[in-house]
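Colleague: Could you take me closely through one part of this model, the place where the two chains meet?

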Amino acid sequence: MARKKQINTKSFVFIILVVATAAVAVFLIRAEMKEFEAIGNAGASQQKTVLIESADVFSFDAELERDLKSLDQDSSGLLLMQDDASLQGLVNDLKNLNF
Amino acid sequence: MINFKRFCKRAITILTAGVISFLALFPQAMSLAEVRVAYVGDVYINALKNSKEAKKNLEDAQLRLKNAAEDDQEDVRQEVRQKGKEYLAKTIAALIKYLGAMKNKAENFKQVGEADRTAIVSQIDREISWLRAREAELDGASADKLKEISQNVRERWLNIRVTAKKVTGQLLAARIKYLIEKSQAMAVRLQTKISELEMRAGADKAAIESAKKALANFNNKISAAREKQLAGRLKFEAISGKDNASKLFSEGQLLIKEANQLLKQAQKELVQAVKKLKSLEEKSAQ
């Protein structure tokens with residue numbers, strides 16, 4: 001009887017682990033899908049709809065703060081990319097080619 | 001007592017099985033992961049490396065030509081031409097990968113309207129198509145044709161730099177526009193909330209007025225941000241060539257920075273407005 005109880009406890013722990021993993025995966029994937037839905041939809045009505053994530057007005061300030069932080073991070077990467085000087089030297093040296 | 005090693009092995013097996021089953025049931029999860037991974041930063045870096053290696057090989061071949069005996073000169077000269085062609089091909093490939101990385105950034109840049117995104121991506125696609133056409137011409141091209149392609153690519157590079165600046169500015173302007181529109185939508189809902197609280201019996205009139213003032217300040221900052229964003233967007237849209245690209249880009253960037261600052265100030269006003277509304281809600285619930 002004691003041995004059977006031990007097996008049931010183990011199985012219970014494993015089931016909890018699997019369910020917890022699935023729950024975390026669902027949460028992460030849903031957050032991604034929400035984000036990419038906004039990017040993927042191309043209808044005119046979608047263009048006019050602005051996505052406020054928060055269900056209640058009392059979270060608006062936190063949501064806007066997150067958006068502004070995210071903008072700062074994304075724009076620095078973008079600005080670095082447009083100013084990439086690596087190609088300049090390579091393209092300049094094309095003028096020395098003799099065919 | 002649980003055997004710890006066996007416990008860990010089993011836990012890892014079941015966790016892995018759980019994740020794989022979940023991904024199999026929800027194929028969107030894999031495609032979303034692919035989209036995330038599709039940022040082609042590494043691909044561009046590798047293409048740059050290849051181009052630099054090709055340049056080194058060309059320089060080595062040119063040096064061998066300098067030191068070559070008379071009998072060997074023609075062979076080495078052929079080798080120099082071949083290395084030159086490879087260098088041209090790899091440089092075009094690197095330019096294409098660079099634009100591919102920019103396009104990926106544009107396609108995945110969050111909170112940008114679809115019309116804006118499509119217009120931006122199409123500019124990048126135009127440059128990619130042009131480069132691919134030159135790439136296709138390399139095969140079997142004569143020496144004169146290779147010279148012509150090389151010259152054209154150098155000239156087109158100036159266009160590509162202009163396009164990179166323009167689309168960067170347009171993306172930033174579009175993102176700020178999205179946040180401004182979102183803030184305006186938030187303001188409408190906040191106004192509705194204030195009106196609702198105002199209608200409740202025993203509402204604190206002074207507190208309501210204070211909340212209205214905070215909301216008005218929020219709206220003023222958003223309006224000011226909108227003006228800066230529009231002005232910045234016009235600067236970027238006016239970029240037409242290498243003669244005006246740097247100047248207009250800098251001016252546009254400054255205006256977008258100012259719009260961003262105003263949005264941050266607006267967010268502080270929003271914090272005040274939300275604080276006051278929360279307190280009113282709590283009081284009215286008592």
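Modeller: What follows describes the interface between the chains.

This is a predicted model, in which local features need pLDDT of at least 70 and side-chain atom pairs count only at pLDDT 80 or more, while totals for chains, interfaces and linings use all residues. Residues are numbered from 1 along each chain as its sequence is written, chains are lettered from A in the order in which they are written, and side-chain values use heavy atoms, with hydrogens and water left out.

The contact (heavy atoms within 4.5 Å) draws on 60 residues of chain A and 80 residues of chain B. The size of an interface is often given as the accessible area lost when the parts come together. Here the buried area, the accessible area (1.4 Å probe) that two parts lose on being put together, summed over both, is about 6,700 Å², and carbon and sulfur atoms give 71% of that area.

Between chain A and chain B there are 6 salt bridges, each a side-chain nitrogen of Lys or Arg within 4 Å of a carboxyl oxygen of Asp or Glu. Lys110(B) forms a salt bridge with Asp74(A), their closest N and O atoms being 3.8 Å apart.

On the side of chain A that touches chain B, the elements giving two or more residues are α1 (2-40), α3 (60-82) and α4 (86-92); helices are DSSP runs (H or I, at least four residues), numbered from the N terminus. The largest share of that side, 17 residues, comes from α3(A). By residue type, the side of chain A that touches chain B divides into 31 nonpolar, 15 polar and 14 charged residues, where Ala, Val, Leu, Ile, Met, Phe, Trp, Tyr, Cys and Pro count as nonpolar, Asp, Glu, Lys and Arg as charged, and the others, Gly among them, as polar.
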